[in-house]
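Visitor: Hi! Could you walk me through a few helices in this one?
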Amino acid sequence: MASKSFELKNEGLDGYSLRGRVFHKLREDILNGKYKENEELKEVAIGNELGVSRTPVREAFRQLELEGLITIIPNKGAYVTGISPKDVHDIYMIRSSLEGMCAKLACENITDEQLEEMEENVYLAQFHASKGHMDQMAELDNRFHHILYEACGSKMLQNLLQDYHQYVIRIRKKTLTTSRGVSSNEEHKLIMEAIKSRDTKEAERLANQHIVNAYENIKLSIGEI
């Protein structure tokens with residue numbers, strides 16, 4: 001039990017309560033595809049796996065139901081709902097507005113260190129693109145967005161964007177290991193250059209369009225989510 005509980009603490013969730021750590025771990029597992037749509041989530045099995053009692057698992061289930069990721073049927077159990085194609089559409093449309101706002105704020109708040117890391121990220125992704133290393137490009141794509149979120153200077157906006165980013169991580173990874181990864185990084189470079197120039201309007205426009213482009217790309221594979 002203790003070893004599994006310790007494992008939970010090392011998931012990058014130290015700042016959360018026990019219920020919060022269980023919730024975030026289960027949400028990540030659902031969004032990453034560990035638990036499939038309509039699969040039953042069993043309190044005892046999950047509690048044993050994570051090294052916790054049934055109480056924080058039950059509380060996490062209630063929070064997951066509020067987010068629409070599971071359905072709790074009285075006297076039967078909890079079943080995975082997952083992310084529907086409409087959910088993906090809504091998430092990307094919301095993200096397009098929020099990422100535009102984030103890029104605009106980043107023009108005003110980004111530090112020299114963050115800008116340097118953003119530039120390094122873009123050029124490292126170009127290197128991996130030339131080598132055909134699409135898995136590495138997908139990882140760098142995720143990191144670019146997290147640098148952007150950190151650079152906006154708003155913890156509230158950062159947390160919102162990280163949550164929305166997490167919701168579609170599985171479908172994003174699927175598309176970023178195709179040619180979309182290259183065009184996505186080219187768009188990142190333009191966003192980075194606009195931020196470096198402190199061009200708030202252009203940074204906002206480019207970041208907004210970047211998310212719209214990403215959604216247009218995944219519509220081709222949205223039936224496979």
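Guide: What follows is a short chat about some helices of this predicted model.

Visitor: How many residues does H4 have?
Guide: Helix H4 (residues 54–66) has 13 residues. From first C-alpha to last, H4 reaches 19 Å, close to the 18 Å expected at 1.5 Å a residue.

Visitor: And which residues of H4 are buried?
Guide: Those are Pro-56, Val-57, Ala-60, Phe-61 and Leu-64. Looking down the axis of H4, these buried residues fall within an arc of 145°, so they line one face of the helix.

Visitor: Nice. What do the buried residues of H4 pack against?
Guide: Their partners are helices H2 (18–31) and H3 (43–50), along with strands S1 (40–41), S2 (70–73) and S3 (77–80). After H4 comes Gly-68, with a positive phi near 80°.

Visitor: Switching topic: at what angle do H5 and H7 pack?
Guide: H5 (residues 85–109) and H7 (residues 134–151) pack at about 60°, their axes 8 Å apart. The two helices are therefore oblique to each other, and their crossing is left-handed. On the H5 side, the contact includes Arg-95, Glu-99 and Cys-102; H7 brings His-145, Leu-148, Tyr-149 and Ala-151.

Visitor: Last one: is Gln-158 buried or exposed?
Guide: Gln-158, found in helix H8 (residues 155–167), counts as buried because its relative accessibility is 18%, and the cut-off is under 20%.

Visitor: Which residues is Gln-158 in contact with, leaving aside neighbours within four places in sequence?
Guide: Gln-158 is in contact with Tyr-149, Glu-150 and Cys-152. Tyr-149 also takes part in the contact between H5 and H7.

How values were computed
Residues numbered from 1 in each chain as written. Predicted model: local features only at pLDDT ≥ 70, side-chain atom pairs only at ≥ 80, totals over all residues. Heavy atoms only, no water. Helix = DSSP H or I, 4+ residues; strand = E, 2+ residues; numbered from the N terminus. Expected span 1.5 Å × (residues − 1). Buried < 20%, exposed > 50% of the residue type's maximum accessible area, 1.4 Å probe, protein only. Arc of directions from axis to C-beta. Contact = heavy atoms within 4.5 Å. Axes fitted to C-alpha atoms, helices over the stretch in contact; angles between N-to-C directions. Parallel < 35°, antiparallel > 145°, perpendicular 65-115°, else oblique. Left-handed = near helix turned anticlockwise from the far one by under 90°.
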